[in-house]
Amino acid sequence: MERVSWDGLWMTVATAVSMRSLCVKRQVGAVVTDASHRVLGTGYNGPPAGLKINEPCDFWCPQGAGQADACLSLHAEINALLYTDRRLREGGTIYVSTAPCLKCSLAIANSGIGRLVCPPPDEHHDDAEVRLSRNLFINADVLVDIWNNKGGL
């Protein structure tokens, strides 16, 4: 029996957490661990916790009605960071089931996280945003490891 790596384990958990999302366009999950690989928190994209919503977002989100910049959901990375203590996540890792957007990249760079593990950017990311995020992580000393979706980096 081959033992799963920490990265394999937490990327699998991030993908499982994404299944809690009510978004009909894209489900994203995130897991924050400390430097010892212990889970500090998880998050998925969705509306603020206080909203009493249980149906897919195309029923309640203005973006579903064609207003592209009016999404009411928080991204998975932001939710995961909101539910963790900065002192505990210093030097830790965030695992995300998709590459983060620029706004989430800014939050990660400011969070004390030392490492990001995620798949490569996809069609939802434009090249300029990818370059900005990459430079941001380099300058903030956040190591980025690209997950290949086949069980390894």
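A word on the ground rules first. This is a predicted model, in which local features need pLDDT of at least 70 and side-chain atom pairs count only at pLDDT 80 or more, while totals for chains, interfaces and linings use all residues. Residues are numbered from 1 along each chain as its sequence is written, and side-chain values use heavy atoms, with hydrogens and water left out.

Let's start with the overall picture. The protein chain has five helices and five strands; these are DSSP runs numbered from the N terminus, with helices being H or I of at least four residues and strands E of at least two. Along the sequence the pattern reads α-β-β-α-α-β-α-β-α-β. Of the 153 residues, 42% count as buried, where buried means under 20% relative accessible area, exposed means over 50%, and partly exposed is in between (1.4 Å probe, protein chains only). The accessible surface comes to about 8900 Å², and 54% of that belongs to carbon and sulfur atoms; the areas come from the Shrake-Rupley method with a 1.4 Å probe, and for residues only the protein chains shown count as cover. As for contacts (heavy atoms within 4.5 Å), if we take those between residues at least 6 apart in sequence, 63% join residues at least 24 apart.

Now to the inside. A nonpolar core here is a set of buried Ala, Val, Leu, Ile, Met, Phe, Trp, Tyr and Cys residues joined through side-chain atoms within 4.5 Å. The largest one has 15 residues, and those with the most contacts inside it include Ala30, Val32, Val96 and Ile113. Strand S1 (29–33), helix H2 (76–82), strand S3 (93–96) and strand S4 (115–118) each give two or more residues to this core. H2 gives the most, with three residues. Leaving aside residues up to four places away in sequence, Val96 touches Met11, Ala30, Leu116 and Val117, among others. Met11 and Val117 also turn up in a second, separate core of seven residues, which includes Tyr95 and Trp147 too.

On to the charges. The structure holds five salt bridges, each a side-chain nitrogen of Lys or Arg within 4 Å of a carboxyl oxygen of Asp or Glu. Asp85 and Arg87 form one of them, at 2.6 Å from N to O. Asp85 is partly exposed at 29% relative accessibility, and Arg87 is exposed at 70%. Arg86 pairs with Glu90 at 2.9 Å; Arg86 is partly exposed at 39%, as is Glu90 at 41%.

Where do Arg115 and Asp145 sit in the chain? Arg115 is in strand S4 and Asp145 in strand S5 (residues 143–146), 30 residues apart. Their side chains meet in a salt bridge at 2.7 Å, N to O.

Val32 and Ile113 are among the residues with the most contacts inside the largest core. Thanks, everyone!
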